[in-house]
Amino acid sequence: MPDNQEIASQPKNNTLVPILIIAGLFFILGFVTWINGALIPFMKTINELTDAQSYLVVSASYISFVVMALPASYVINKIGYRKGMSLGLIIMAIGALVFIPAAEARTYWMFLAAIFIQGAGMTLLQTASNPYITIIGPIESAAKRIAIMGIANKVAGALGSVIFGAILLSGIDEVKEKLNLVDTAEKANLLNTMADSVVTPYIVLAIVLFLLGILIRKASLPDVEAKPIEESETGGKTKSNILQFPHLWLGVLALFVYVGVEVVAGDTIIAYGISLDIPVEQAKFFTLFTLMAMVATYALGVFLIPKYISQAFALKTSASLGIILSFCIVYTSGFTSVLLVAALGIANALVWPAIWPLALTGLGKFTKTASALLIMAISGGAIIPPLYGDLVDNKKEHLLASGVDEVTAMAEAASFGYWILLPCYVIILYYAFFGHKVGLKKA
């Protein structure tokens, strides 16, 4: 079937089952992705890491999107969306199994390798599922469909963060206290016991992923292709390669910084709460606050888009709110600032659903390659959180050198790190107003 043939617009009753299947895949993606919020403080403890080192947990997952996105696009072009999704799930299962020897050895690079393998599977799954859900219906309502996927994704993320937070972080405060009192041998024993707590949940996760990979292979998913751009939209010039779509490349940049701020909002909030001297038993639920804020906003987007507001308007509002919240976080303290970090979920929720259709508008036969580029932008989650960690570490060292006590220094440094959000939201705001129109004919 030619790549430039449009078969995306199908009757609603023909798209319901595929949409439900893809929603299930987004559920899996969310569950696995948002486990990182619990893994960061867990890995920091068992491997005795700095803040910056601990955020390599996030980097290992998201850097795989850079390495594997274009190969994933090639694979999907060869085997199709459905088989690509199946293969992605199986690779994720293999990554889950690698956690077992990593826990036995309590070796950080092995944990990072396991996370990277899972990320490779997620790259394949994302590269197939995001364009599929975007083009299976009218492009102007794509953000609505992606918002529904977001609800599935973040509900799963909330469950994952709570379940794995309870498994991995239970009793971590007591363990930290004991580590300061025991000798080297007993310390190693405590850390080994703590590391072993990942074995059972990751065995269960691997089994579930393998089974889903087999099931999706037999699922009923129709083939779809994107609508090609009309020459009238580009001033009569035919597009011959991917470099001729500046609105796509600016979308990649916007998505890069967006994923970074989403990960910062979700994956640093537990550690941030702990830095404010909030007990781990309370702080371990903070990622849930962020995700529930996103779910509520997704639901609002499903209701509003495209009947009441456009995808571009939703993006403008989201970026503006992100800028406001960024300022508020660094100029407040205590539990109030934690709630403001969680409120970033409101600012972030509709960014991904809005950027995808705006960036893929008119790509036609270039859609699969463009999708790979957008998936590569997820690597923002690998770059920006460690930058946050570096800001925190550097600010903490400066404050300690100035004579500030450690508890106060940690709290102030953790808050200071959120300055990293501001330029990211400014870039998203530019794309919302101007970037998504660059290279396209003005209406």
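Start by selecting Met 292, which sits in helix α14 (residues 286–304); helices here are DSSP runs of H or I with at least four residues, numbered from the N terminus. This is a predicted model, where local features need pLDDT of at least 70 and side-chain atom pairs count only at pLDDT 80 or more, while totals for chains, interfaces and linings use all residues. Residues are numbered from 1 along each chain as its sequence is written, and side-chain values use heavy atoms, leaving out hydrogens and water.

Met 292 is partly exposed, at 36% relative accessible area (buried is under 20%, exposed over 50%, partly exposed in between, with a 1.4 Å probe and protein chains only).

Next, follow the loop between α14 and α15 to Pro 306. The peptide bond joining Ile 305 to Pro 306 is cis, with omega about -5°.

Then colour helix α16 (residues 334–348). Its buried residues include Val 338, Leu 340, Val 341 and Leu 344. Show what covers them, and you'll find α11 (246–267), α15 (311–330) and α17 (351–360) among the elements.

Time for the inside. The largest nonpolar core has 154 residues, and Leu 39, Met 43, Met 85 and Leu 248 have the most contacts inside it. Such a core is a set of buried Ala, Val, Leu, Ile, Met, Phe, Trp, Tyr and Cys residues joined through side-chain atoms within 4.5 Å. Pick Leu 248: leaving out residues up to four places away in sequence, Leu 248 touches Ile 242, Ala 359, Leu 363, Ala 370, Leu 373 and Leu 374 (contact means heavy atoms within 4.5 Å).

Hop to Gln 126 in helix α6 (residues 108–135). Gln 126 is buried, with 11% relative accessible area. Beyond its neighbours within four places in sequence, its contacts include Phe 65, Trp 352 and Ile 378.

Last stop, two loops. Glu 48, between α2 (36–46) and α3 (51–54), has a positive phi of about 50° without being a glycine. Asp 277, between α12 and α13 (280–283), has phi near 70°.

Methods
Expected span 1.5 Å × (residues − 1).
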